[in-house]
Amino acid sequence: MYNGILNVYKEAGFSSHDVVAKLRGICKQKKIGHTGTLDPEAVGVLPVCFGSGTKLCDMLTDWDKEYIATLRLGLVTDTQDLTGQVLFHAEEEAVAALAQEQVRACILGFLGDYDQIPPMYSALKVNGKKLYELARAGKEVERKPRTVQIRELEILEMELPTVRFRVVCSKGTYIRTLCHDIGEKLGCGGAMASLTRSRVGMFGIEEALRLSEIEKLRDEDKISTVIVPPDAVFPDCREVKAAAPARRFLENGNKIPAGMLEDPGPLRDRERLRMYDEAGRFYGIYEYHAGAGEARPVKMFL
């Protein structure tokens, strides 16, 4: 069984669930999960967790994400992208009157925190029902704004009425909604024309593998060479080994007294540690508590 994370390039036409289903067939493994949905027509990075790596799914969703998006000004759709039904189409004169500097200033004005209302066509649940299921049934429910953060925003190309831009954002940010909100602020409407997720945390699009490439690696018995082990996701946590007598504590997910750690050096209170046994086998992430003189488990992977 594979354990860790695989950097998958999701192609257009597949949902994130489709990718997981196909990987279960390719890898002959049931315990697989993705780290956050990507729209079916969007492409790009989709980290997929295998085996004990599935314990990372909830943690990886917190990572910043980078996207390359194309905004089409002058129309509004029910899905906030070009796959939906057009609800409003601006007059050509109104779009033609837009100045590039006006558009640039508006887009860059979204840098930082802003309150975003999640779209109806999303996988968020309200009273146990996914919003897109309600939307397809012709129902619309009230959604509370959520504060998201646009950490970086760069305009790559502008040929009105289209604008191509790069954005780095916090978890929970909908780029479709960002496009919609930009269009609304400009007064002409806007919808997302295309979307590529170029990075999720440490996983970049340059190393992402298509399903066909993963199949080829399977046939060559090389999938294990591209699986990123769970401990590699925590480069900022110091590596610490527990002495042999602490093995039973590790195996039971118990606290480990500082005296059972092999030459850890000075430890800071609340410092996160990558915990290994004396043979170098990774067990999980621990947190050191100086007052109690012990390391306590945060997330176990064995």
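Reader: Which exposed residues does the face of helix 7 turned away from its buried side carry?

Author: The model is a predicted one. A residue counts as exposed when its relative accessible area is over 50%. On the face of helix 7 turned away from the buried side, the exposed residues are Lys216 and Asp219.

Reader: Where do the buried residues of helix 7 fall, seen down its axis?

Author: The buried residues of helix 7 are Leu211, Ile214 and Leu217. Seen down the helix axis, they lie within an arc of 115°. They therefore line one face of the helix.

Reader: What covers the buried residues of helix 7?

Author: Leu211, Ile214 and Leu217 are the residues in question. Contact here means heavy atoms within 4.5 Å. The cover includes strand 1 (4-10) and helix 1 (16-27).

Reader: Which residue with a positive phi follows helix 7?

Author: Helix 7 covers residues 211-219. The phi of the residue in question is near 55°, and that residue is Asp221.

Reader: Is the pair of Phe234 and Phe301 stacked or tilted?

Author: A pair of aromatic rings is described by the distance of the centres and the angle of the planes. The ring centres of Phe234 and Phe301 are 6.1 Å apart, and rings pair if their centres lie within 6.5 Å. Planes under 30 degrees apart count as stacked and those over 60 as edge-to-face. The planes of Phe234 and Phe301 stand at 55°, so the pair is tilted.

Reader: How many residues apart are Phe234 and Phe301?

Author: Phe234 belongs to the loop between helix 7 and strand 14, and Phe301 to the segment after strand 18. The pair thus links distant parts of the chain, 67 residues apart.

Reader: Is Phe301 buried or exposed?

Author: Buried means a relative accessible area under 20%. Phe234, its ring partner, has 10% and is buried. The value for Phe301 is 2%, so Phe301 is buried.

Reader: Which residues form one aromatic cluster with Phe234?

Author: By the pairing rule, the model has six aromatic pairs. One of the pairs is that of Phe234 and Phe301. The residues in one cluster with Phe234 are Tyr276, Phe282 and Phe301.

Reader: Which strands are the edge strands of the open sheet of five strands?

Author: The order in this sheet is 14-16-17-18-15, with mixed pairing. An edge strand pairs on one side only. The edge strands are strand 14 (238-241) and strand 15 (256-257).

Reader: What is the bridge partner of Pro257 in strand 18?

Author: Strand 15 and strand 18 (residues 294-300) run antiparallel and are joined by two bridges. In strand 18, the partner of Pro257 is Glu294.

Definitions and conventions: Residues numbered from 1 in each chain as written. Predicted model: local features only at pLDDT ≥ 70, side-chain atom pairs only at ≥ 80, totals over all residues. Heavy atoms only, no water. Pairing = 2+ DSSP bridges. Helix = DSSP H or I, 4+ residues; strand = E, 2+ residues; numbered from the N terminus. Buried < 20%, exposed > 50% of the residue type's maximum accessible area, 1.4 Å probe, protein only. Arc of directions from axis to C-beta.
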